[in-house]
Structures are given as C-alpha cells and as structure tokens.
Amino acid sequence: MTAATMQRNRPSGFRISKRVLPYVLSLPALLVCIGILIPFFTSVVYSFQRYRLSQPWARQFNWGDNYISFFTDPRFWNTLEVSLLYAGITVLLELLLGLGIAMLLQKRSTLNNFISIMLLMPLMTAPALAALMWKLMTNPGFGVLSYLASLIGLQDFRWASSPSTALFTVVLVDIWVYTPFIMILLLAGLRSLPTQPFEAAALDGVPRSFVFFRITLPMLTPYILTATLFRLLDSIQQFDIIYAMTQGGPGDTLTVFQVEAYLNFFQSTNVGRSAALMIILWAITYFLSNIFIKNWLRLRERARGQA
C-alpha cells in the first residue's frame with residue numbers, strides 16, 4: 001500500500017473550511033467586543049434618563065439634562081480639575097523616575113537584571129492592597145512613615161487625612177505602584193535601540209548630554225508616548241488607590257471621576273448622573289488617546305521616511 005493510499009484511507013476527523021476559518025479564529029475577539037459594547041450602550045441609555053434606584057417609578061428620559069446640569073455644578077468642575085491634576089502629576093513624575101531608572105539599568109548584567117525584577121514587585125501588588133498597606137504606614141498614630149517623618153521634624157504629619165497633603169500621599173502611592181510599569185517599557189526600548197549611533201558618538205567624544213537629548217531621547221520617543229498613553233488613561237480613571245485611602249476626601253479634595261460616579265450610584269442611587277459622568281470620562285480618554293496615537297503614527301512615518 002502506497003503512502004498516498006494510506007493518506008486517503010486515514011480518518012478525516014473534524015475539518016474547518018478555509019473560508020470559515022478566519023471567522024472562527026476571530027470569534028473570541030468578537031465576543032469580547034460584544035461584551036464591552038453592551039454595558040457601554042446601556043450606560044449611554046441610562047445617562048439620558050432621570051433614574052434613581054430609590055425611585056424606580058419616576059424613571060423617565062430627560063435626554064440631555066444630566067449633561068447640561070454639569071455645566072452649572074461646581075462639584076463637576078472640581079471633579080474634572082482634580083482628575084486632570086492627579087493624572088498629570090502622576091504621569092509626569094512616573095515618566096521621569098521610570099526613565100531615570102531605565103537609564104541606570106540599561107547595561108545588561110546579572111545585577112541589573114536582578115534589580116529590574118525586584119523593582120517589578122510593587123506592580124504585582126493589587127492597587128487596593130497597596131493603598132491599604134500605605135494607609136497603615138502613614139497612620140499618624142502608629143505608622144512607620146509617620147514615625148520616620150517625626151525624626152526629621154515633621155511632627156503630626158497628617159498624610160491622607162489632611163486636604164493639604166492628601167493629594168501628595170495618593171500620588172506617592174501611585175508612583176510606588178506604577179513607576180515599574182513605565183520603567184520596564186522604557187528599559188525594553190533602550191535595550192532595543194541600535195548601537196551604531198552611540199558607538200560613533202563615543203568615538204567622536206560627544207558629550208553625554210548631547211547624546212541623551214539628540215540621539216537617545218528622539219529614538220526613544222515612540223516608547224515614551226506608548227508608556228505615557230497607557231499610564232495617562234489609567235491615571236485619569238483611577239479609583240482603587242484613591243478610594244481605599246481617602247474615599248475621595250477629605251471633603252471633595254480627591255473626588256475624581258470614578259469616585260464621584262461611585263458615590264452617585266451607591267450613595268445617592270442616582271444611576272443617570274453616574275452613567276453620564278462615566279460617558280464624559282470615556283469622551284475625555286477617547287480624545288486624549290486619539291492625540292497620542294496620531295503623534296505616534298506621525299513619528300513612525302517620519303522614522304520610515306528617514307530610513
């Protein structure tokens with residue numbers, strides 16, 4: 001019996017047509033997309049309704065009233081300001097720290113690889129758990145950080161319980177948790193850069209500052225934009241750290257979008273206003289992501305043109 005005959009006599013089993021195979025492979029992504037769009041459009045519908053869980057009989061469409069009321073509500077403008085301020089400070093500081101650490105660990109060695117792995121440990125901690133840990137460490141009565149602050153003359157430092165220092169405290173926790181994320185992205189970018197420009201600069205005796213600003217930084221810009229985009233979209237939607245440490249307080253000091261929407265839904269049972277806040281947050285993140293993606297594509301096209 002020839003090999004061709006044995007191949008024909010072999011049981012065929014279950015086969016999928018080549019025309020159907022692409023649709024079958026894309027089915028999981030389609031199901032995930034549907035799972036995302038259903039809650040999204042449900043929120044859009046709720047945002048155009050006067051809907052309170054405590055008064056379900058009064059539920060009706062009020063169309064744009066939920067959105068229009070925000071323009072005359074000082075609490076909304078405070079939420080917008082706090083959200084953007086928190087996102088801007090955390091992303092800027094994490095970017096600077098992450099870039100600095102990545103530059104220090106750029107050289108491949110056993111020690112640098114070990115340090116980079118150890119620095120990833122905070123990223124493996126759930127943000128809510130990290131916030132609770134820091135809340136204990138910053139407790140004015142028995143916290144270890146409060147004790148260390150007293151040693152340098154900062155007596156009775158209130159940390160997250162004071163409006164003047166609450167933002168500083170949650171930003172500190174955010175930096176501790178998420179700086180390793182930016183560090184590992186930029187470290188991967190630095191180690192993937194071509195070595196020829198740096199070798200030529202070293203042979204010519206070019207100063208390190210010139211090499212950094214004129215060679216390293218331009219080549220690393222796509223990685224910086226990617227890391228900034230991810231962290232900016234995450235920071236502007238921050239909930240875990242802020243709510244676990246301060247519940248949005250003291251007062252409305254740290255009432256960001258996610259916290260405000262949570263309080264509207266679970267405390268005021270105002271589903272319509274909560275949904276409208278989340279749709280506004282989605283619009284802001286969509287606008288910011290478009291800006292970063294367009295800049296990233298422009299840099300990629302410029303790099304291809306120069307190549």
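In helix H5, the residues Arg75, Phe76, Thr79, Leu80 and Ser83 meet Phe257, Glu260 and Leu263 of helix H13, where contact means heavy atoms within 4.5 Å. These contact residues of H5 and H13 comprise 4 nonpolar, 2 polar and 2 charged; Ala, Val, Leu, Ile, Met, Phe, Trp, Tyr, Cys and Pro count as nonpolar, Asp, Glu, Lys and Arg as charged, and the others, Gly among them, as polar. The structure is a predicted model, in which local features need pLDDT of at least 70 and side-chain atom pairs count only at pLDDT 80 or more, while totals for chains, interfaces and linings use all residues. Residues are numbered from 1 along each chain as its sequence is written, and side-chain values use heavy atoms, with hydrogens and water left out.

Two packed helices are described by the angle between their axes and the distance between the axes. Helix H5 spans residues 74–104 and helix H13 residues 257–266; they pack at an angle of about 140°, with axes 9 Å apart. Axes are lines fitted to C-alpha atoms, for helices over the stretch in contact, and angles run from 0 to 180 degrees between N-to-C directions. Helices (H or I, at least four residues) are DSSP runs, numbered from the N terminus.

The whole structure holds 5 salt bridges, each defined as a side-chain nitrogen of Lys or Arg within 4 Å of a carboxyl oxygen of Asp or Glu. Among them are the following pairs.

| Salt bridge | N to O distance |
|---|---|
| Glu94 and Arg231 | 2.8 Å |
| Arg231 and Asp174 | 2.9 Å |
| Asp234 and Arg231 | 2.8 Å |

Salt bridges that share partners join Glu94, Asp174, Arg231 and Asp234 into one network. Glu94 lies in helix H5 and Arg231 in helix H11 (residues 208–235), so this pair ties together parts 137 residues apart in sequence. Glu94 is buried at 0% relative accessibility, and Arg231 is buried with a relative accessible area of 1%; buried means under 20% relative accessible area, exposed over 50%, and partly exposed in between (1.4 Å probe, protein chains only). The pair of Arg231 and Asp174 links helix H11 to helix H9 (residues 166–192), across 57 residues, and both of these residues are buried. Asp234 and Arg231 both lie in helix H11, 3 residues apart, about one turn of the helix. Asp234 is partly exposed, with a relative accessible area of 31%.

Ser274 belongs to helix H14 (residues 271–306) and is buried, with a relative accessible area of 7%. Leaving aside neighbours within four places in sequence, Ser274 is in contact with Ala261, Asn264 and Phe265.

How values were computed
Helix = DSSP H or I, 4+ residues; strand = E, 2+ residues; numbered from the N terminus.
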